[in-house]
Amino acid sequence: MPSASAPYVLHLSSPLGTLRLTANDTHLFSASFPENEPKTDSAIIPPILREAEAQLTAYFAGERQSFDLPLQPQGTAFQQQVWQALQEIAPGKTETYLGLAKRFDNPGAVRAVGVANGANPWLVLVPCHRVIGAKGELVGYAGDLWRKKWLLEHEAKMSGVYQTFLEF
């Protein structure tokens, strides 16, 4: 069972702006882009946040394509199912909302997949940016579409898989 300690916060500079990482002693709660929030780190930074910082730094440097951090999901069973499916989309690849819904044998769940995707608390780490519209368009990203485009292009360079429809 994850530790119930108070959340710790660490801010990381990235090519996309500041990433705010929150965790307890053992699990990562979130990774987000705090637009208009104070960027104050906790006085104590546990090893889990240092590891997240190291993995993200390597990712942005083009030295890492995936993450292996202990996450603490706090969402419905369906949201957690979608977040797990997001982690199965390979770097440089994309999936549509309908494609994800079909993975659950429920093509009618496209909106529910979109809502779960939008509720993903681990931007960049759990690759919700790899989900695109039915016609290949960039839609919906909590970190803004310019970041989504950057992430997809970055991963295309790292993986050697290039997709030509990265317009919004």
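Predicted model: local features only at pLDDT ≥ 70, side-chain atom pairs only at ≥ 80, totals over all residues.
Colleague: How do I read a nonpolar core, and which of its residues touch the most other members?

Modeller: The general idea is that nonpolar side chains tend to be buried together in soluble globular proteins. Here, the largest nonpolar core has 41 residues, and L28, L56, L86 and V124 are the ones touching the most other members. At least two core residues come from each of β1 (8-14), β2 (17-23), β3 (28-32), α1 (47-60), α2 (77-86), α3 (97-103), α4 (110-118) and α5 (145-159). With 6 residues, α1 gives the largest share.

Colleague: Now pockets. What volume does the largest pocket have, and which residues lie nearest its centre?

Modeller: Again, general idea first: roll a probe the size of a water molecule over the atoms, and you see where empty space is left. In this model, the largest pocket comes out at about 190 Å³. Its lining has 14 residues, and nearest the centre lie S66, F67, Q87, L125 and P127. Sorted by class, that lining is made of 9 nonpolar, 3 polar and 2 charged residues. Notice that F67 and L125 are also among the residues L56 touches.

Colleague: Where does V126 lie, and is V126 buried or exposed?

Modeller: Look in the loop between α4 and β5 (131-132). The cut-off for buried is under 20% relative accessible area. V126 has 1%, so it counts as buried. Setting aside residues up to four places away in sequence, V126 touches L71, W83, L86, Q87 and N120.

Colleague: What do the UniProt annotations cover here?

Modeller: An unreviewed UniProt entry gives "active site" for C128. Over residues 12-72, the chain is 23% helix and 25% strand, with the end C-alpha atoms 20 Å apart.

Colleague: Why does C128 count as buried, and what does C128 touch?

Modeller: C128 counts as buried because its relative accessibility is 3%. C128 lies in the loop between α4 and β5. Beyond residues up to four places away in sequence, C128 touches L86, N117, N120, L123, Y141 and K148. L86 and N120 turn up among the contacts of V126 as well.

Methods:
Residues numbered from 1 in each chain as written. Heavy atoms only, no water. Core = buried A, V, L, I, M, F, W, Y, C linked by side-chain atoms within 4.5 Å. Buried < 20%, exposed > 50% of the residue type's maximum accessible area, 1.4 Å probe, protein only. Helix = DSSP H or I, 4+ residues; strand = E, 2+ residues; numbered from the N terminus. Contact = heavy atoms within 4.5 Å. 1 Å grid on protein atoms, 1.4 Å probe; cavity = no way out; pocket = protein on both sides within 12 Å on 5 of 7 lines; lining within 4 Å. Points joined across faces, edges and corners; volume = space filled by probe spheres on them. Nonpolar A, V, L, I, M, F, W, Y, C, P; charged D, E, K, R; others polar. UniProt positions renumbered as here; feature names shortened; annotations may be inferred.
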